[in-house]
Amino acid sequence: MEISVTKEKGLEVEADVLLVPVMQEQDNFCKCTKEFYEYANSQMDFCGKSNEIACVQAFNKIKPKNVMFVGLGEKEEYNLNKLRVAISKACQKIADMKKVSTVAVALKKLPDEPSLAAQTVAEGALIGTYKFDKYKTEKKERFDKLVLISSQDVQPAVKKAQVVCDAVNMTRDLVNEPAELITPAKLASIATSLKGIETKVYGQKEAKKMGMGAFLAVGQGSRHEQQFIHMTYKPKGKARAKVALVGKGITFDSGGLDIKPAASMLEMKGDMAGAACVISVMKALTKLKPNVEVHGIVAACENMPASRSYKPGDVLTAMNGKTIEVDNTDAEGRLTLADALCFAENLEPDAIIDIATLTGACCVALGKVASGLLGNDDELIIGLQASAEEAGEYLWEMPMYEEYFEDLKSDIADFKNSGSRYGGTSAAALFLKKFIKTTPWAHLDIAGTSIISKPLRELPKGVTGVGVRTLINYICNL
Ligand code: BES
Ligand code: MN
Ligand code: ZN
């Protein structure tokens, strides 16, 4: 989508739809929209309730062909996250209309700082109208020009929204693609092709040399070689901080020998959503250029059953020397993350953040509404929650009580990779914690939020690209 900014008046903008966000009981309309608002209000009962939509034909009274109103709800409850949702809903509606190629959005009456309003509107449009139609032989026409009407210089804010949403939508594309296409080697080649990022890829042999026995075991049943990917973004000037991002990169999770039932396996090409998020964030950083050194780490492999697969009962040795008894080959994500976290800590960052489609239990606990957040450092947790709030993403902190680890005690090794079904998200996080010495660390469990089967806030159903906006905000706010 092409986004431009104009200082023209709404009634003069060449557009198929003039989109006007309005609050309940709003009374300050500009001349061009007042008449149409009164019509929508009296004839269509439109009064600006949250996400309420009314579309009025303009019949050549003004340049735009239609005027669409979208409700922002009550003034007291209003915030930018509500604006993003309303714009997304309206743009989805417009995307379904025929013969619309240009949409103009009226920003002047919004109470927000103009740049923030522009960024949020652009985000709503770009996130809301995402479609993965690469494999459709018949593609639907959608509007491809967005014009923001603002008297301020909001172009930089629009640029930022475009970079951020490109990253969100890149993550969605990567998760939507079939696992036969997005192999560990493919993830590595995408990471390597990022301009402005230094990428090192380690194959099986090198991973063995580094002692990554847990990561290597998970991928040993696949015909695709494991790839350990290390991306580095370094700012031009002196870095304010150094952060490591670790993404779970299981390109397909069949469960391994503890094979999943068919219904649970269906979405498992998306078990690399964390990795996709980290790679996309790295790409965005080359354009946003924050003064922070960021390392992106992905231990990519495929979890498959085969004669050479790792087995329940195997004992693995991770990079930090800890031994793990394999209780269940389907608890593979934490094994790959174990070595990735050790590698990350060796880089001596100020903070490590991992993001992973780790436990079905997280989806049971929080539904598809919020991602799980766990960690060992309050400041990092609070920082991430603030960044999520700003992005309109929901993170909910879950407990790290040591008692949850009881289930992971092993008779023959240091611990097991899984135990009881209860408290599974906390147990998994406590497992990960065994591979962190002292570095502030946080873990985002996105098993529930990376794919949704019905619309949620600004997100249409499907792959969400969750985490991208939160992590970009976190890094850029440091
Ligand atoms: N990738 C799954 C978790 C998952 C479930 C992601 C549903 C997205 C949607 C993970 O590898 C897994 O299989 N976890 C097991 C752990 C169990 C064996 C301890 C689970 O959640 O059942
Ligand atoms: Mn699994
Ligand atoms: Zn998995």
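I looked up Glu-332 and found that, at 1% relative accessibility, Glu-332 counts as buried; buried means under 20% relative accessible area, exposed over 50%, and partly exposed in between, with a 1.4 Å probe and protein chains only. The model is predicted, so local features need pLDDT of at least 70 and side-chain atom pairs count only at pLDDT 80 or more, while totals for chains, interfaces and linings use all residues. Residues are numbered from 1 along each chain as its sequence is written, chains are lettered from A and ligands numbered from 1 in the order in which they are written, and side-chain values use heavy atoms, with hydrogens and water left out.

**Zinc site**

I listed the ligands of the zinc ion (ligand 3): Lys-248 (NZ), Asp-253 (OD), Asp-271 (OD) and Glu-332 (OE), at 2.0 to 2.4 Å. Donors are N, O and S atoms within 2.8 Å of the metal (3.2 Å for Na, K and Ca); water is not among the atoms, so sites may look incomplete. The 6 donor atoms around the zinc ion (ligand 3) subtend angles of 78 to 173°, which makes the arrangement octahedral. For the geometry labels, four donors count as tetrahedral if all angles lie between 85 and 135 degrees; four count as square planar and six as octahedral if opposite donors are over 155 degrees apart and all others between 65 and 115; anything else is irregular.

Asp-271 sits in the loop between helix H8 (262–265) and helix H9 (273–288), and Glu-332 in the loop between strand S12 (323–325) and helix H10 (333–346), so the pair ties together parts that are 61 residues apart in sequence. Helices (H or I, at least four residues) and strands (E, at least two) are DSSP runs, numbered from the N terminus. Asp-271 is buried, at a relative accessible area of 2%.

**Manganese site**

Asp-330 is partly exposed at 23% relative accessibility. Asp-253 bridges the manganese ion (ligand 2) and the zinc ion (ligand 3), which lie 3.2 Å apart.

**Salt bridges**

I counted 17 salt bridges, each a side-chain nitrogen of Lys or Arg within 4 Å of a carboxyl oxygen of Asp or Glu. Lys-248, Asp-271 and Glu-332 are linked in a network of them. Asp-253 pairs with Lys-260, with the closest N and O atoms 3.8 Å apart; Asp-253 is buried at 3%, and Lys-260 is buried at 15%.

I also checked Arg-223 and Glu-180, whose side chains meet at 2.9 Å, N to O. Arg-223 is in the loop between helix H7 (213–219) and strand S8 (227–233) and Glu-180 in the loop between helix H4 (155–176) and helix H5 (184–192), so this pair ties together parts 43 residues apart in sequence. Both Arg-223 and Glu-180 are exposed.

**Nonpolar core**

Last, I looked at the largest nonpolar core, of 92 residues, in which Leu-19, Met-231 and Leu-384 touch the most other members. Such a core is a set of buried Ala, Val, Leu, Ile, Met, Phe, Trp, Tyr and Cys residues joined through side-chain atoms within 4.5 Å.
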